[in-house]
Amino acid sequence: MSLTLTPALQTPRPHLRTTSLLRSEWTKMRSVRSTMWTLVAMAIVVIGISVIGCLAITNSWATMSLGNRLSFNPTGFALKGIVFSQLVIGVLGVLVMSAEYGTGTIRATLTAIPNRPRVLAMKAVVFAAVSLVVGEVLSFGAFFVGQALLRSPAPHATLSQPGVLRAVVGGGLVIMVLGLFALGLATIIRHSAGAITSYVGTILVAPIIIQALPSSIGHPLMRFMPFQITNVMTSTNPSNDIGSAFSPWVGFSLLCLYAAIALVVAGVMMVRRDA
Amino acid sequence: MIEVRGVTKRYKEKVAVKDLSFEVKQGVVTGFLGPNGSGKSTTMRMIVGLDAPDEGTATINGKSYADLGVPLREVGALLEAKAIHPGRSAFNHLWYLAQSNDIPRSRVDTVLDMVGLSDVARKRAGKFSLGMGQRLGIAAALLGDPGVLLFDEPINGLDPEGILWVRNLLKGLASEGRTVFVSSHLMSEMALTADYLVVIGRGELISSGSVSDFINESSGQFVRVRSPQAEQLATLLTGFDAVVVREDDGALAVSRLSAEAIGTYAGDAGIRLFELSPQRASLEDAFMELTRDSVEFHGHGTQSAPTNDTELLAQSVTSGK
């Protein structure tokens, strides 16, 4: 047995290249089935809810009360699935990192790339790109499919109406940022179950607890909740639909801040802890 | 070359490695020997930068692991079996590592071929046996064609043919001028594979040096003698400062005298000898003796040490060399 030195191996570059690291992360992400299944699940949730909801509205419009007809928002209705897809993207964001820790792959990764914040950054970039593309495709898909299924006399929306384009684009954006938040949590917690539990706790359980509080305390807190921020972002007329809330882009900035804090803490902890 | 200088590692209250220093030279196989839980894996993880030492430094070719520009081209490490995502194929596991360090795709196929996993390269690694997992780990270590290689317990889970393959692989890598550092808790295996040994117990260095020095220094040699006039012979040899111990089968174990001297004295005194055989204590015995006080987890099932087994090991070690 002899080792053959291939020419490329004899003249290594002195440093790891960012493009190489991004390709490596992409290979890692696409080469496990959980990625594809999670994204398929997300597509079913987002598109499926739009299809079922809009078909139901078209069929039942004639028998709907006047109040329901007046408050019906065709854009927000078609994007209802985004709210549920928050959970799915969270699971994917957790798995792309916790699976490395759970299986021990992280040690192979870190021997190949000793700079840990760089590993996290590369993973975040690739994950952000994938989740943004998928999020936008699904958000626009849900919107167009939903509007196509809404038949007169039920009203339907077009992208040129006020707030509609922002709501649809925003649907994809919140999916990406929530996924990054989950990725940060998973890097801090390092266990799939624990990370998914704390993500679900933040997204779903915390708003329920806040709602149970006296409204004088609960009301001002609610607008800080990621769940509320997503609702605002995917609504064309949030001040009407939702009570106390930040404007869509202020809320979105806050969401970005949450994800950034999670990722920075994650990076610091990666450096400080043994792998 | 790997240099470990005054490394100490604590996990909460427990000291895993204590002021450990040693060197691993290129061109030879250096065995890293110690009982389970003695700090071998911790030390190896510190060398490749996964764990940070509390004190001291570990360097590879004079640099700390984090300062290696393209690490896989300089260092390859097998740290644990089956540290692979069960849903990812062997090829993709190696391919993502290769991509990160700008290693060409053809090299992935080459190492898969070297470890004999080409046929199952596209299968999900979750279905792999422990031995196949080890082979994949070895392939990952060889990926960047590095000059420094670390293997933590590489023969675990391998069948006899696999063990022989690893043995030859390690020797081959060393003969090409590479630095090869391999840990094991099996002294007998190290005796067949390694040229140099670093022995630790409870995280502290017990001994280091060449395998042959190690055997000579850490255990006495003796000569086994059988004679119909055993009593007379024992008295005679004791007179020449020998230490004589009567064994269970009536033979004498004589130390501090060579076989030649014993034969000469017996001949001069007219004592008949039926057997005169120099014995080497096995490496396993030497290892047991060295680490007796530093074994972390003692079994309490059986009482005495199995002398017959160590005899057998002694024979297998000497015949194997």
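The following dialogue explains how to read several features of a predicted two-chain model.

Trainee: Which conventions apply to this model, and how are residues and chains labelled?

Mentor: Residues are numbered from 1 along each chain as its sequence is written, and chains are lettered from A, with ligands numbered from 1, in the order in which they are written. The model is predicted: local features need pLDDT of at least 70, side-chain atom pairs count only at pLDDT 80 or more, and totals for chains, interfaces and linings use all residues.

Trainee: How many helices and strands does chain A have?

Mentor: Helices (H or I, at least four residues) and strands (E, at least two) are DSSP runs, numbered from the N terminus. Chain A has 14 helices and zero strands. Its C-alpha trace spans about 80 × 40 × 30 Å along the principal axes.

Trainee: What share of chain A is buried?

Mentor: A residue is buried if 20 or more other C-beta atoms lie within 10 Å of its own, exposed if 12 or fewer, and partly exposed in between, with C-beta atoms placed from the backbone. Of the 275 residues in chain A, 45% are buried.

Trainee: At what angle do helix 6 and helix 8 of chain A pack?

Mentor: Two packed helices are described by the angle between their axes and the distance between the axes. Helix 6 of chain A and helix 8 (residues 116–149) of chain A pack at about 160°, with axes 12 Å apart. They are therefore roughly antiparallel, a term for angles over 145 degrees. The contact involves G81(A), I82(A), I89(A), G93(A), V96(A) and M97(A) of helix 6, together with K123(A), F127(A), S131(A), S139(A) and A142(A) of helix 8.

Trainee: Which residues does a cis peptide bond join in chain A?

Mentor: S152(A) and P153(A) are joined by a cis peptide bond, with omega about 15°. P153(A) lies in the loop between helix 8 and helix 9 (164–189) of chain A.

Trainee: Where in chain B is R202(B), and what is its phi?

Mentor: R202(B) is in the loop between strand 8 (196–201) and strand 9 (204–210) of chain B. Its phi is near 50°, a positive value in a residue other than glycine. R202(B) counts as partly exposed because it has 19 C-beta neighbours inside 10 Å.

Trainee: Is D241(B) buried or exposed?

Mentor: D241(B) counts as exposed, because it has 8 C-beta neighbours inside 10 Å. D241(B) is in the loop between helix 9 (230–238) and strand 11 (243–246) of chain B, and has a positive phi of about 75° although it is not a glycine.

Trainee: Where is D152(B), and which residues does it touch?

Mentor: D152(B) is in strand 6 (residues 148–152) of chain B. With 21 C-beta neighbours inside 10 Å, D152(B) counts as buried. Not counting residues up to four places away in sequence, D152(B) touches K40(B), S41(B), M44(B), L78(B), L79(B), E80(B) and S183(B).

How values were computed
Contact = placed C-beta atoms within 7 Å. Axes fitted to C-alpha atoms, helices over the stretch in contact; angles between N-to-C directions. Parallel < 35°, antiparallel > 145°, perpendicular 65-115°, else oblique.
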